[in-house]
Amino acid sequence: MKKQPHFIPALHFHWLTRWYDPMMRCLFPESGTKAALIALAHIQPGQIVLDVGCGTGTLTVQIKQTEPGAIVYGLDTDLQVLDIARRKAEQAGEAIILQQGMATCLPYPNASFDRVFSSLMLHHLTRHDKQQMLREAFRVLKPGGELHIADFGKPHDFVMWLISWMMRWFEEIHDHILGRLPVFIMDAGFHPVEETAQHRTLVGTISLYRASKPMKND
Ligand SMILES: C[S@@+](CC[C@H](N)C(=O)[O-])C[C@H]1O[C@@H](n2cnc3c(N)ncnc32)[C@H](O)[C@@H]1O
């Protein structure tokens, strides 16, 4: 078995990983959030799409089902979730390419993707690694390509504030709830950067972000 670098697993502890999908179905408006994220990306046939921190592959498979003509890659550092993702894709009969790798050092050449997605992965990374992941997403996108993120965002009402301030003891979300994620995305070179939606969940506000890599002459 390949040695895995240090990372925070899907549900914090490796022994909880097999409960990730059932938990997400119960606690989270998962399919709605993921469908909204995909819809905003307007993926076209023939486009090449990467899902960074793909976990059990729910979003990766959903992208392929939404646009069967796209070539869809899923990358995660955890072999255990990649096994679940592989089985899920087989059961759905969807051909996606799953690979092990780190979000902070993407194993792809410059300008290889039209769209990069990242759903609920950034809050697993330290501030330094979030910024490095965003620079890597910028590097692997083609000019004019887009980054689509769903992750903890600035709470949008009092209840969301309360939940988010508690959640920050467990997750790397301090910068997220202070609204710094769009700043980090811009610092990586993206322009424009927009927060397109805020979803109320039992773990706090989940924001959707869309960011473009400028064309060379922009
Ligand atoms: C909460 S799960 C989200 C999974 C999936 N994207 C979703 O929306 O359901 C976070 C995932 O990020 C992965 N991850 C954490 N650190 C990573 C890193 N440095 N590089 C790549 N994947 C990482 C974990 O293995 C886990 O599968």
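Predicted model: local features only at pLDDT ≥ 70, side-chain atom pairs only at ≥ 80, totals over all residues.

**Salt bridges.** I searched the whole structure for salt bridges and got eight.

I went to Asp21 and Lys88 to begin with, whose side chains meet in a salt bridge at 2.8 Å, N to O. Asp21 sits in helix H1 and Lys88 in helix H4, so this pair ties together parts that are 67 residues apart in sequence. Are the two partners buried or exposed? Asp21 counts as buried at 11% relative accessibility, while Lys88 comes out as partly exposed at 22%. The cut-off for buried is under 20%.

Next I checked Asp83 with Arg86, where the closest N and O atoms are 3.7 Å apart. This one stays within H4: the two are three residues apart, or about one helical turn. Both are partly exposed, Asp83 with a relative accessible area of 42% and Arg86 with 36%.

Then Asp175 and Arg180, with the closest N and O atoms 2.5 Å apart. Asp175 is buried at 6%, and Arg180 is partly exposed at 31%. I also noted that Arg127 joins these two in a network of salt bridges.

**The core.** Which residues touch the most other members of the largest nonpolar core? I found Ile43, Val49, Ile63 and Phe117, out of 30 residues. At least two core residues come from each of helices H1 (20–27), H2 (30–41), H3 (58–66), H4 (79–92) and H6 (158–167), and likewise from strands S5 (141–152) and S7 (206–212). H4 gives the most, with four residues.

**Leu37.** This residue belongs to helix H2, and it is buried, with a relative accessible area of 1%. Apart from residues up to four places away in sequence, Leu37 touches Leu59, Phe117, Ser119, His148, Ile149, Ala150 and Leu208. I also checked Leu37 against Cys54: they are 17 residues apart in sequence, with 14 Å from C-alpha to C-alpha.

**Strand S7.** How many residues of S7 are buried? Seven of the seven, so the strand is largely enclosed by the rest of the structure. I looked at both faces: Ile206, Leu208, Arg210 and Ser212 are buried on one side, and Ser207, Tyr209 and Ala211 on the other.

S6 and S7 make a hairpin with six residues between them, and in the turn Gly204 has a positive phi of about 120 degrees.

**Surface.** Last stop was a nonpolar surface patch of about 400 Å², made by Trp19, Met23, Leu27 and Leu202. Trp19 lies in the segment before H1, and at 44% relative accessibility it counts as partly exposed.

Conventions. Residues numbered from 1 in each chain as written. Heavy atoms only, no water. Core = buried A, V, L, I, M, F, W, Y, C linked by side-chain atoms within 4.5 Å. Buried < 20%, exposed > 50% of the residue type's maximum accessible area, 1.4 Å probe, protein only. Patch = residues over 30% accessible without salt bridge, like charges linked within 9 Å, V, L, I, M, F, W, Y side chains within 5 Å. Areas by Shrake-Rupley, 256 points an atom, 1.4 Å probe, with all protein chains shown as cover. Salt bridge = Lys/Arg side-chain N within 4 Å of Asp/Glu carboxyl O. Pairing = 2+ DSSP bridges. Contact = heavy atoms within 4.5 Å.
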